[in-house]
Amino acid sequence: MAVDTAPAPALVDDRAPARHLKAGITYLVLGALLVVVALTWLGGHSTTVAFDKTLTDVRWDVPTFGVVLALGIACAAAGAWMCVGLPQRRFKSASAAAVAAFVLALLFWAYSQEGTVFRAESILAGALFLSMPYIFGALSGVVCERSGVINIGIEGQFLMGAFTGVLVANITGSIYAGLAGAMIAGSLSTMLLALLATKYQVNQVVVGVILNLLALGFTSFMYDQLKKADGLNDAFSVPVISWGPLADIPVLGPVLFQQKLFVYVGLVMVLVVWFLLYRTRWGLRTRAVGEHPAAADSMGVNVNRLRYWNVVAAGLLAGFGGAWFTLGNSLAFNKNMTAGLGFVALAVMIVGRWNPLGVLAGALIFGFTTQIARDLSAAGSSVPGEFLQMLPYAVTLVVVAGLIGKAKAPAADGVPYNPGDK
Amino acid sequence: MSDSTTAEAPAEPPAPAAEPAEDKPNFMRLFGRYLTEANSVMVTIYSLLLAFLIGAILLIVSDEYTRSTFTYFFARPQDAWYASRDLIVESYTALFEGAILNFNTLESYQAGQAEFGNLLRPLSETLTYATPLIFTGLAVGLAFRAGLFNIGAQGQLIFGMMGALIVGFSLDLPIWLHLPLAVIAGGVAGGLFGAIPGVLKASTGAHEVISSIMLNNIAALFLVWALGTTFLHSTVKSDLVSKPVDDTAILPTLLSSLNPSLRVNLALVIGIAAAVFTWWLLSKSTFGFRIRAVGFNEHAAATAGMRIGSTYTTTMAAAGALAGLGGAALALGVSSGGITTNTALDYGFSGITVALLGRANPGGIVASALLFGALKAGALSAQPDVPVDISTLLQATIVLFIAAPALVKAILHLRTPRGGLVTLEAKGW
């Protein structure tokens, strides 16, 4: 669109120092704020870090003042460097460092309150566990959108998985049957999306939102109906798998080797989907279908059939993620228990730039945020619990606003393909 | 049916030449043709029928007794048949009685034991539940015309509720000033909150579906927090209820002179006025022209010198204001005694279905708000015999078919209408 009246930006040499005034000033201000906070409030405070699972007698008392001051200065320095001008290739790492310093300082500040202890192992393990629905949902989104179908219905597939998982587990008495049921339910609900998106070429955003409502209505309706019958919605729990001696390694043990099945499946699926997308023939075709379906078609790929089966397969992942809400958390099903996390997963997919490894990173950030919010509100923070609960949603908002313009979706994402058109 | 292939032929413009060749179209023939065609009217009718059919199947499957009769279906099929029939008739009658006319009341009215007002109660409930839906439906529908999918009506409604509530209890004014001011406050609060996704989309390209869903969650949590503050929290009750609105800011009821239980209030009139205004805005004003131009083709609109970003922002603000007025209708109307976290129900989400069923036309939105209001009133009065979520389920099923006319066409083997199938579009990332 050539309607912009602003003068064209001057051509910049990539290796020459470049200024990033907007970002630089932002980090400078954030860093300065931290310094001010440290100087005015944090004198004499200390933050306690504990290793609560393996080394129960170790507690580190860190002076909050010094840490926040140092991190604030680091953040401001990164900002100043950007204002002065830094080599283009250093920009990414500089801004990552500035953000990390800022977040870390906030953490130290939050946990400097009397009575709060940063229980490093529980918090990190919990963060990994809480990132699982985002991983499954976002991976499902990645598979759909890489093949050119927008899946806004992840929330609905979560609900279907969560509901069916508990139902099947109760009927059969087996958690694993429940997990399989959840996957099939998720896949059945994406099948509708796949059918409408490929065969009937319906607008995918509209259908996705409707499928969410449909899943909400269906699961709530069935929940009310089945509540009358006994023993169909009892909580089942997935056992914690502990890897013997590995589980006793400080920090790493509780986080990686003492988790529920979901965590292992989630981490493995990240690698599997990455491998499938970038190292196999199927992956090449899928990406081709999402970027340029007409070209893929001319090379003999049946675009709509591939899209259909990819979306159906993605439903398996989302359904498994849905089971996390009930079976994973040892909870019975409840109406609308996914509480918008399916949409957060969509944001994670965007943060991860439609790449499974990026999804893992994004999901970990969101899981960590959620875990910190929960931990702080349980510890009785001075910030109202409602605001802490808003944190994942607010982060999603910021992330989507900050990234979506820069992250490129697959070119044919959401565009129905009709072979006759070309 | 057999000539459906000719109707689908792409080279349509000179088609009238083929028409006169057939023998003179009489009324029955045209009517039959109309019935078997996937035009918007028939798709709507068939969607409703299909949805109620699916609802019936789910009722049968999920009802324990009826399901048990199917276990010996081959021994005594009549048991299963009668049980299913009774279940369906009872459930849908209960919905009808809660929404339109209660037959028991009708009998006692004819026997002279009930007043006329009692007879109107289900209708009044339908109108009461339809009122917020008109506003939220307009909020979603208006944004649709600009190519924006506003899922944030729920949050906008919540903020509208709070805005109207605060003006409603904190100011001391005569009624002719207080009431309009409180209503406007609701609209402004909703509009400001609704503008956020618009601004984000205009400035950063963030997709409005995600940002408005996030804002819905934020608004719901904010309401929980706000209700707990001393400023909003009720001084008499201990549970999470707000202060009541002053008498001078309460929307007067329309029919309570007939019977005090008739809750329908002035908000209904405001809602219809808002629909008329939205119609005027969309089809007669410059702003509406810009909205539609951007919705049809943003590149063309940009080439014509329209500012896309500011259109997104203003459209979302206007949509938010409409939803906010719906919030005001709740806070100053049925919930004037104090709002809770439950007051907003799912009006915002139902607004999506209302707008889709109404095909983003103000007139259609009012009609579908009435239909879904009736469903809601019926479901609420029929519970616990009928699960209350049957209304959500039916709504979602109806609009699924509405949004996918090709599906209805394929299921029922309908003809393609002259202008093609009518669908609503929302943009991807």
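Predicted model: local features only at pLDDT ≥ 70, side-chain atom pairs only at ≥ 80, totals over all residues.

Reader: What makes a residue count as being in contact?

Author: Contact calls for heavy atoms within 4.5 Å. The 52 residues of chain A and the 55 of chain B are those in contact across the two chains.

Reader: What is the area buried between chain A and chain B, and what do carbon and sulfur atoms give?

Author: The buried area is about 4500 Å², and carbon and sulfur atoms give 81% of it. The size of an interface is often given in this way, as the accessible area lost when the parts come together.

Reader: How many salt bridges does the rule find across the interface of chain A and chain B?

Author: The rule finds one. A:Lys335 forms it with B:Asp389.

Reader: Why is the pair of A:Lys335 and B:Asp389 called a salt bridge?

Author: The rule asks for a side-chain nitrogen of Lys or Arg within 4 Å of a carboxyl oxygen of Asp or Glu. Here the closest N and O atoms are 2.8 Å apart, so the pair of a Lys and an Asp meets the rule. The pair crosses between chains: A:Lys335 is in the loop between α13 (303-328) and α14 of chain A, and B:Asp389 is in the loop between α17 (362-382) and α18 (390-403) of chain B.

Reader: Why is A:Lys335 called partly exposed?

Author: Its relative accessibility is 31%. Buried needs under 20% and exposed needs over 50%, so a value in between is called partly exposed. B:Asp389, by contrast, has a relative accessible area of 12%, so B:Asp389 counts as buried.

Reader: Which residues are linked in a network of salt bridges?

Author: A:Asp224, A:Lys335 and B:Asp389 are linked in one.

Reader: How many residue pairs in polar contact are there between chain A and chain B?

Author: The count is two, with both residues of a pair at pLDDT 80 or more. On the side of chain A that touches chain B, the elements giving two or more residues are α7 (175-198), α8 (204-227), α14 (341-351) and α16 (385-403) of chain A. The largest share, 15 residues, comes from α8(A). By class, this side has 38 nonpolar, eight polar and six charged residues.

Reader: How many salt bridges are there over all chains?

Author: By this rule the count comes to eight. One of them joins the side chains of B:Lys201 and B:Glu208, at 2.9 Å from N to O, and both of these residues are buried. Another joins B:Asp346 and B:Lys376, at 2.6 Å from N to O.

Reader: What makes B:Asp346 and B:Lys376 a link between distant parts of the chain?

Author: They are 30 residues apart. B:Asp346 is in the loop between α15 (308-332) and α16 (347-357) of chain B, while B:Lys376 is in helix α17 of chain B. The relative accessible area of B:Lys376 is 9%, which is under 20%, so B:Lys376 is called buried.

Reader: Which domains does the domain assignment give for chain B?

Author: Domain 1 covers 1-71 + 404-429, and domain 2 covers 116-388. Their centres, taken over C-alpha atoms, are separated by 32 Å.

Reader: How do you know that domain 1 of chain B and domain 2 of chain B are in contact?

Author: 13 residues of domain 1 of chain B are in contact with 19 residues of domain 2 of chain B. The area buried between these domains is about 1100 Å², of which carbon and sulfur atoms give 68%. Across this interface the rule finds zero salt bridges and one residue pair in polar contact.

Reader: Is A:Trp41 buried or exposed, and why?

Author: A:Trp41 has a relative accessible area of 56%; that is over 50%, so A:Trp41 is called exposed. A:Trp41 is placed in helix α1 (residues 21-41) of chain A.

Reader: Why is B:Ser234 called buried?

Author: The relative accessible area of B:Ser234 is 8%, under the 20% cut-off, so the label is buried. B:Ser234 lies in the loop between α11 (208-228) and α12 (267-284) of chain B. Not counting residues up to four places away in sequence, B:Ser234 touches B:Val241, B:Ser242 and B:Lys243.

Definitions and conventions
Residues numbered from 1 in each chain as written. Chains lettered and ligands numbered in written order. Heavy atoms only, no water. Domains from an automatic or database assignment. Buried area = accessible area lost by both parts, 1.4 Å probe. Polar contact = N/O pair within 3.5 Å; in protein donor to acceptor, adjacent residues only side chain to side chain. Helix = DSSP H or I, 4+ residues; strand = E, 2+ residues; numbered from the N terminus. Nonpolar A, V, L, I, M, F, W, Y, C, P; charged D, E, K, R; others polar. Buried < 20%, exposed > 50% of the residue type's maximum accessible area, 1.4 Å probe, protein only.
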